[in-house]
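Here is a short briefing to read alongside the model.

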Amino acid sequence: MVTTLHLARQLLGFNTINPPGSEADCMRFFASWLGDNGFDVSLSSFGEGRCNLIARLPGANLGKPLAFTGHLDTVPLGNTRWQYDPFGSQIEDGRLYGRGSSDMKAAIAAFAVACVKLRETILAGRGALLLITGGEETGCDGARALIDSTQLPDVGALIVGEPTANYPVIGHKGALWLRCETRGKTAHGAMPELGINAIYLAADALGKIQHFSPGAPHPLMKQPTVNVGCIHGGLNINSVPDHTHFDVDIRSAPNLQHATIRQRLTTLLGESVTVSTLVDLPAVLSEQEHAWIKQVYQRCQPLHTRPLEPRVVPYFTDASLLLPALGNPPCIILGPGEPSMAHQTDEYCLLSRLEEAEQLYGEIISDWMA
């Protein structure tokens, strides 16, 4: 039987940088591996070179299956030179290097191998479901396409293998990405009084956004955040620009409604700014007193020296979209990757965490099937 490490290294060998994505080759390889190991597998495309995968081990028990999800796309390499080959899956000093090692191909390998090792237990129990997506890094494009094209079953619980250093996380912030546009009137740069400068209009709007608060803080997720990530405007230095747009990244919590945030910001910016939505992903938060959540915490506790506490993360995951489509089950974000290594140069996953994750996923599977 293939080991988790071997499978992780195989997945890391594929370049799935997004954009453009190109997950299809990696997804087809993984689909073949899952099929060879007893899963019922289906692939679905959502564009050229783009792919999602659903794999099932149906259970004999009538209870709802346990679901795992992960994405195979990764972020770009960045401008800093890598010391290690980002697709070479090199091992050094107890670390597995490669783009996607922490975020999050190692986790996918760990829960897939855990399912294979417990295949007979799963088949005799309530079953397992793997949802492997592309396009997560650019706003959950793959998950959205999967939901639009497939009727997903209700599941009993969902595990998201994002990097948490094997610490159980019960939620994450929501993401509202907005595009703000200003339109002016072009004129010669030597006669600016004949035009309306769209960059000046944008500058006024940016000053207002800098002091905009999306709403009240959340007990666990704390203060919501606002960041202007990019701006584009003007064609040449000696013309008055007639169009500018800039993109705003708002991270929210369950106590805040995205429609309300957008309306408040639109009103603040006034008629000179047009606001449109690029990404709208709600926050995720599971009930910390739920029996399954508490059981997972008990399984994770031996891996950590201090008592576990309810914890959330600021980044978004496919759970934002998948949970409603799966019947809103309890959800845990749990993976072997190092949160500090996600999107970093010379990204790595600790081999010790990878081994822990396979065992941990196996214990959670066994508990679910009992």
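At 14% relative accessibility, His245 counts as buried (buried means under 20% relative accessible area, exposed over 50%, and partly exposed in between, with a 1.4 Å probe and protein chains only). This is a predicted model, in which local features need pLDDT of at least 70 and side-chain atom pairs count only at pLDDT 80 or more, while totals for chains, interfaces and linings use all residues. Residues are numbered from 1 along each chain as its sequence is written, and side-chain values use heavy atoms, with hydrogens and water left out.

**Around His245 and Glu181**

- His245 sits in strand 11 (residues 243-252); helices here are DSSP runs of H or I with at least four residues, strands are runs of E with at least two, and both are numbered from the N terminus.
- Setting aside neighbours within four places in sequence, His245 is in contact with Arg179, Cys180, Glu181, Cys230, Ile231 and His232, where contact means heavy atoms within 4.5 Å.
- Glu181, one of those partners, belongs to strand 9 (residues 174-183).
- Not counting residues up to four places away in sequence, Glu181 touches His243, Thr244, His245, Ser272, Val273 and Thr274.
- From Glu181 to Ser272 the separation is 91 residues in sequence and 8.4 Å in space, C-alpha to C-alpha.

- An open sheet is formed by 6 strands in the order 1-2-6-3-7-15, with mixed pairing; two strands pair if DSSP finds at least two bridges between them.
- Strand 1 (40-47) and strand 15 (331-333) stand at the edges with a single partner strand each, so one side of each is left without a neighbour in the sheet.
- From one strand to the next, the twist averages 15 degrees.
- Strand 2 (residues 50-58) pairs with strand 6 (residues 127-133) in the antiparallel sense over 6 bridges, and Arg56 has Leu129 in strand 6 as its bridge partner.
- Strand 3 and strand 7 pair in the parallel sense over 4 bridges, with Val160 in strand 7 as the bridge partner of Thr69.
- Strand 7 and strand 15 also run parallel, joined by 3 bridges; here Leu158 has Cys331 in strand 15 as its bridge partner.
- In a regular strand the side chains alternate between the two faces of the sheet.
- Strand 7 is covered on both faces: Ala157 and Ile159 on one side, and Leu158 and Val160 on the other, are all buried.

**Helices across the sheet**

- Helix 3 lies across strand 2, strand 3 (66-71) and strand 6, running at about 150 degrees to strand 3; axes are lines fitted to C-alpha atoms, for helices over the stretch in contact, and angles run from 0 to 180 degrees between N-to-C directions.
- Helix 8 (residues 291-300) lies across strand 3, strand 7 (157-160) and strand 15, at about 25 degrees to strand 15.

**Helix-helix packing**

- Two packed helices are described by the angle between their axes and the distance between the axes.
- Helix 3 (residues 101-117) and helix 10 (residues 351-369) pack at about 45 degrees, with axes 8 Å apart.
- Helix 3 and helix 10 are therefore oblique to each other (angles under 35 degrees count as roughly parallel, over 145 as roughly antiparallel, 65 to 115 as roughly perpendicular and the rest as oblique).
- Residues of helix 3 in this contact include Ala106, Phe111 and Lys117, and those of helix 10 include Leu354, Tyr361 and Ile365.
- The axes of helix 8 and helix 10 come within 10 Å and cross at roughly 145 degrees.
- Trp292, Gln295, Val296, Arg299 and Cys300 in helix 8 meet Leu360, Glu363, Ile364, Asp367 and Trp368 in helix 10.

**Backbone points to check**

- Pro19 and Pro20 are joined by a cis peptide bond with omega of about 5 degrees, and Pro20 is in the loop between helix 1 (4-12) and helix 2 (24-36).
- The peptide bond from Asp103 to Met104 is cis too, with omega near -5 degrees, and Met104 lies in helix 3.
- Ser22 is not a glycine, yet has a positive phi of about 50 degrees; at a relative accessible area of 38%, Ser22 is partly exposed.
- Ser89 has a positive phi near 45 degrees and, at 8% relative accessibility, counts as buried.
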